[in-house]
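Hi,

Here is the structure I promised to pass on to you.

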Amino acid sequence: MDIENLSRDELIEEITKLKEENLKLRMKKSNKKRNRIKTTKKQIVDYWETRVDECELSIDWAEAEERCWRCGYEKRLQRCHIIPDCLGGEDKPSNLVLLCERCHIDAPNVESETFMWDWIKANKTTFYDTFFETKALQEYEFIYGKKYIDELKERDILSPERIKEFMELPVGESCNHFAHPWKNDSTMAGIFRMKLEAYDKIYGKK
Ligand SMILES: [Zn+2]
């Protein structure tokens, strides 16, 4: 086809046709049944434990089949591609890591062999079972430009008794997004905020 000889309308028609074909192709590709991963969790751990230092991670290698490599929580783990399946990433230990469902959803989907590890390492947390609380506190600071601990200090909520009293304050309800059995960072930050609001309502804002 010689596009120089086409009228403006014909050209638009050709472009529309091409776009539709492209869309159909993309839909066909995304509907393609995903291959079942054959590599086992043990093979994935065996491959990586000699290649990545656990000091850089949220987990110890001894617990790598039970705890998520990104958040460190003890969860049912999923095999997650480093280079995604849809971009031609292979089903082999060197292209897989173990993540919980929540971290799998957050994980990068890019054609890079190194970025997944940079992301996992950047998310390193020192203590088990604190990762998402820490993330929610970061979210709080992002929204209000203030550390939550400073909010507590301002209200003199520092002793264990005062913290206990604060934690028991009744606050508004919260719930989870559909299909996600967890409270996301902004919901958690909102719960933290509601606690402060409940406190200020009773004791007055400083
Ligand atoms: Zn996780």
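Let me begin with one glutamate. Leaving aside neighbours within four places in sequence, Glu-111 is in contact with Ile-83 and Leu-87. Its separation from Leu-87 is 24 residues in sequence, yet the two C-alpha atoms are 6.8 Å apart in space. Glu-111 sits in the loop between α3 (101–106) and α4 (115–122). Is Glu-111 buried or exposed? Glu-111 is exposed, because 11 other C-beta atoms lie within 10 Å and the cut-off for exposed is 12 or fewer. Please keep in mind throughout that this is a predicted model.

Glu-173 is found in the loop between α7 (160–167) and α8. Glu-173 has 6 C-beta neighbours inside 10 Å, so it counts as exposed too. From Glu-173 to Ile-191 there are 18 residues in sequence, and 8.4 Å in space from C-alpha to C-alpha.

Now for the chain as a whole. The protein chain has 8 helices and 2 strands, and from the N terminus on the order of elements is α-α-β-β-α-α-α-α-α-α. The radius of gyration is 24 Å, well over the 17 Å that the globule rule gives for 206 residues, so the chain is more spread out than a compact globule. Along the principal axes, the C-alpha atoms fill a box of roughly 80 × 50 × 25 Å. Buried residues account for 17% of the 206 residues. Of the contacts between residues at least 6 apart in sequence, 56% join residues at least 24 apart.

The chain is divided into two parts: domain 1 covers 41–122 and domain 2 covers 131–203. Taken over C-alpha atoms, the centres of domain 1 and domain 2 are 30 Å apart.

Helix α5 (residues 131–144) packs with helix α8 (residues 185–203) at an angle of about 70°, and their axes are 8 Å apart. Angles of 65 to 115 degrees count as roughly perpendicular, and α5 and α8 therefore fall into that class. On the α5 side, the contact is made by Lys-135, Ala-136, Glu-139, Tyr-140 and Ile-143, while α8 contributes Asp-185, Ser-186, Met-188, Ala-189 and Phe-192. By type, the residues of this contact divide into 6 nonpolar, 1 polar and 3 charged.

Best wishes

Technical notes:
Residues are numbered from 1 along each chain as its sequence is written. This is a predicted model: local features need pLDDT of at least 70, side-chain atom pairs count only at pLDDT 80 or more; totals for chains, interfaces and linings use all residues. Domain bounds come from an automatic or database domain assignment. Axes are lines fitted to C-alpha atoms, for helices over the stretch in contact, and angles run from 0 to 180 degrees between N-to-C directions. Helices (H or I, at least four residues) and strands (E, at least two) are DSSP runs, numbered from the N terminus. Angles under 35 degrees count as roughly parallel, over 145 as roughly antiparallel, 65 to 115 as roughly perpendicular and the rest as oblique. Two residues are in contact if their C-beta atoms, placed from the backbone, lie within 7 Å. Ala, Val, Leu, Ile, Met, Phe, Trp, Tyr, Cys and Pro count as nonpolar, Asp, Glu, Lys and Arg as charged, and the others, Gly among them, as polar. The radius of gyration is taken over C-alpha atoms; the globule rule is 2.2 Å times the number of residues to the power 0.38. A residue is buried if 20 or more other C-beta atoms lie within 10 Å of its own, exposed if 12 or fewer, and partly exposed in between; C-beta atoms are placed from the backbone.
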